[in-house]
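Good morning, everyone. Please look at the sequence and the structure on the screen while I go through a few of their features.

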Amino acid sequence: MTDDAPVTDQPDTRQVDELLDDIYHGQERITQAVIYRRAVAAELPAELLSRIAALPQGEYSVDEAADLLGGTVA
């Protein structure tokens, strides 16, 4: 028996939204590297970490990051 979370076809946007809400509090733009480090620290799923790692280096507004990562934060 495993303790793995169930696999679903729909990505869980709550995790993306919570991450972005947390890291963009009081910030205009954040680098891809900071987003990735915070996602690793939050122990987000490997699929989400892969999407963040695939972002081009640079700074992103919360809207840009949400669009690219499938979140709903606006």
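I begin with glutamine 32, which is buried, with a relative accessible area of 5%. Please keep in mind throughout that what you see is a predicted model. Glutamine 32 belongs to helix α2. What does its side chain meet there? A polar atom of the glutamine 32 side chain lies 3.0 Å from the backbone oxygen of isoleucine 52. If we set aside residues up to four places away in sequence, glutamine 32 touches Ile52, Ala53, Leu55, Pro56, Gln57, Gly58 and Tyr60.

Let us now widen the view to the whole of helix α2, which covers residues 32-41. Which of its residues are buried? Gln32, Ile35 and Ala39 are. Around the helix axis these three span an arc of only 65 degrees, which means that they sit on the same side of α2. For those new to helices, the general rule is this: an α-helix has 3.6 residues a turn, so residues three or four places apart point the same way. On the other side of α2 we find Arg37 and Ala41, and these are exposed.

I turn next to the pairing of α2 with α3. The axes of α2 and α3 are 9 Å apart, and the angle between the two helices is about 170 degrees. An angle over 145 degrees counts as roughly antiparallel, and α2 and α3 are therefore roughly antiparallel to each other. On the α2 side, the contact is made by Gln32, Ile35, Tyr36, Ala39 and Val40; on the α3 side, by Leu49, Ile52 and Ala53.

Helix α3 also holds leucine 48. Is leucine 48 buried or exposed? Leucine 48 is buried, with a relative accessible area of 2%. Apart from its neighbours within four places in sequence, leucine 48 is in contact with Gln15 and Val16. Leucine 48 and glycine 70 are 22 residues apart along the chain, and their C-alpha atoms are separated by 9.6 Å.

My next residue is tyrosine 24, in the loop between α1 and β1. Tyrosine 24 is buried as well, with a relative accessible area of 7%. Which backbone oxygens lie by a polar atom of its side chain? That of tyrosine 60 is at 2.6 Å, and that of serine 61 is at 3.5 Å. Beyond its neighbours within four places in sequence, tyrosine 24 is in contact with Arg29, Ile30, Ile35, Tyr60, Ser61, Val62 and Ala65. For one of these residues, valine 62, the C-alpha lies 6.5 Å from that of tyrosine 24, although 38 residues separate the two in sequence.

Finally, a word on confidence. The mean pLDDT of the protein chain is 86, and 82% of its residues reach 70 or more. Over residues 5-10, however, pLDDT stays under 50, and the model has 0 contacts beyond four places in sequence for them. Where pLDDT is low, the predicted coordinates should not be read in detail. Thank you for your attention.

Methods. Residues are numbered from 1 along each chain as its sequence is written. This is a predicted model: local features need pLDDT of at least 70, side-chain atom pairs count only at pLDDT 80 or more; totals for chains, interfaces and linings use all residues. Side-chain values use heavy atoms; hydrogens and water are left out. Buried means under 20% relative accessible area, exposed over 50%, partly exposed in between (1.4 Å probe, protein chains only). Helices (H or I, at least four residues) and strands (E, at least two) are DSSP runs, numbered from the N terminus. The arc is that of the directions from the helix axis to the C-beta atoms. A polar contact is a pair of N or O atoms within 3.5 Å; within protein, one must be able to donate a hydrogen and the other to accept it, and residues adjacent in sequence count only if both atoms are side-chain atoms. Contact means heavy atoms within 4.5 Å. pLDDT is the predictor's confidence in each residue, from 0 to 100. Axes are lines fitted to C-alpha atoms, for helices over the stretch in contact, and angles run from 0 to 180 degrees between N-to-C directions. Angles under 35 degrees count as roughly parallel, over 145 as roughly antiparallel, 65 to 115 as roughly perpendicular and the rest as oblique.
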